[in-house]
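Hi,

Here is the structure I promised to pass on. Have a look at it first, and my notes follow below.

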Protein chains: 2
Amino acid sequence: MLKALRLASGEEFDMALQHAIMTALLEDNMSGFELARAFDASLGFFWRATHQQIYQELKKLADKGLLRSQIIPQAGKPKKIVYSITLAGRTTMARWVFETSKVQEAKDDLFVKLYNLSSENLSHMVAEVELRRGQAMKRLYLYEQIRRAHYRDPETLPTRRKGIYLALGWGIQQGEQFLQWCDEALELLSRSEGSP
Amino acid sequence: MLKALRLASGEEFDMALQHAIMTALLEDNMSGFELARAFDASLGFFWRATHQQIYQELKKLADKGLLRSQIIPQAGKPKKIVYSITLAGRTTMARWVFETSKVQEAKDDLFVKLYNLSSENLSHMVAEVELRRGQAMKRLYLYEQIRRAHYRDPETLPTRRKGIYLALGWGIQQGEQFLQWCDEALELLSRSEGSP
DNA sequence: CTTTACATGTAACTCGTTACATGATTAA
DNA sequence: TTAATCATGTAACGAGTTACATGTAAAG
């Protein structure tokens, strides 16, 4: 049987990006372009998306009546299409939070590569871990800047902000843990260089 | 222009699962079914895959000449198709390790949901975090069992095993960090219940 | 007589990525 | 004149998921 038939009665599937987009639009009305930038600055830490995908999903959401679009002409700039969430969209989001999200499994081929560690590729793996360490440092620095700027005192934050604080805190702790792991890995690997 | 044309000269893309499969087959010849179980027990901690996907990729790998298949009739059980890695496959893997892997971004809608935290859904989010905490505990326990059984003394392990030890170590540290985060989150959330 | 384990697959779909197209304005 | 920023999109594909099909044999 076709999935279209199976899901005919309004059942739903994943659509995590759609929910991330609506989350951003609950804060502020935005165009696709602005959304893409907003993702880079905050929500994208937890759900990455390209502008191409964002435009596609915006259209689908508008078709479903969860978003409303409005064309804004601009002087000296191309016109933009600003989206805002509808009442139906708000209701959908309020319900969505109550659905149990399934655990996301890690997918990282750095670790698959580690399963293939050998004396031939050991120095390359050291270089890869060092590269990742540098990237993690940069990300961590960014997260900590944001926390220092906007989430200094968690107790006094309004509820919604507390949630963002917690998400950010996870990112920071994760980053710190990864840096620590990198250092341990680099030490073990360097002690192995030269010996079988 | 078509991607098929663009990639005509043998350029490659992702295929991370194919590399994970070959990684497992470097250790031991296996059938698709056995591979699926092996993934559940070890490699799948870092790259999850279903049996359906594994069967597909096995065929592609055999078509490319990176794997060899052999039909094994079994008494009292269905016949199985055992795959082994070819010389070409080994070469491919040895080269693959030297390619720089791109960073995998997190995708977890638990954190997207946290962006939507409100007094209405606060108790539900508490329940979700508790659920995740329980799942993380179970996984962590499994990882630690494996480490205790097979990776007691990292210094004396052969190089390949050291890599697996490091991967496992990352999983364990990550799990511990997540448990800690859950506890902090639950505390902050519980202090918020009742107040705006 | 039913469930679990073994064993291999196909069909249909959604999700996400990469390449590419288009066109305006502003700053070096 | 070249590059960067703003702004919106299409085409094609790869990656991954879910449902479903098919069958044997052992264990309860």
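**Sheet and interface**

In this predicted model, A:Arg68 has A:Ser84 of β3(A) as its bridge partner.

β2(A) and β3(A), the latter covering residues 77–85, run antiparallel and are joined by seven bridges. They belong to an open sheet of three strands in chain A, with the order β1-β3-β2 and antiparallel pairing. β1 (30–31) and β2 (67–74) of chain A are the edge strands, each pairing on one side only. Across β2 and β3 of chain A lies helix α4 (residues 51–63), which runs at about 120 degrees to β2(A).

Now for the contact between the chains. Chain A gives 55 residues to it, and chain B gives 55 residues as well. On the side of chain A that touches chain B, at least two residues come from each of α2 (16–27), α6 (109–114), α7 (122–150) and α8 (159–192). The largest share is that of α8(A), with 16 residues. By type, this side of chain A divides into 27 nonpolar, 18 polar and 10 charged residues.

How are the two copies related?

Best wishes

Technical notes: Residues are numbered from 1 along each chain as its sequence is written. Chains are lettered from A and ligands numbered from 1 in the order in which they are written. This is a predicted model: local features need pLDDT of at least 70, side-chain atom pairs count only at pLDDT 80 or more; totals for chains, interfaces and linings use all residues. Two residues are in contact if their C-beta atoms, placed from the backbone, lie within 7 Å. Helices (H or I, at least four residues) and strands (E, at least two) are DSSP runs, numbered from the N terminus. Ala, Val, Leu, Ile, Met, Phe, Trp, Tyr, Cys and Pro count as nonpolar, Asp, Glu, Lys and Arg as charged, and the others, Gly among them, as polar. Two strands pair if DSSP finds at least two bridges between them. Axes are lines fitted to C-alpha atoms, for helices over the stretch in contact, and angles run from 0 to 180 degrees between N-to-C directions.
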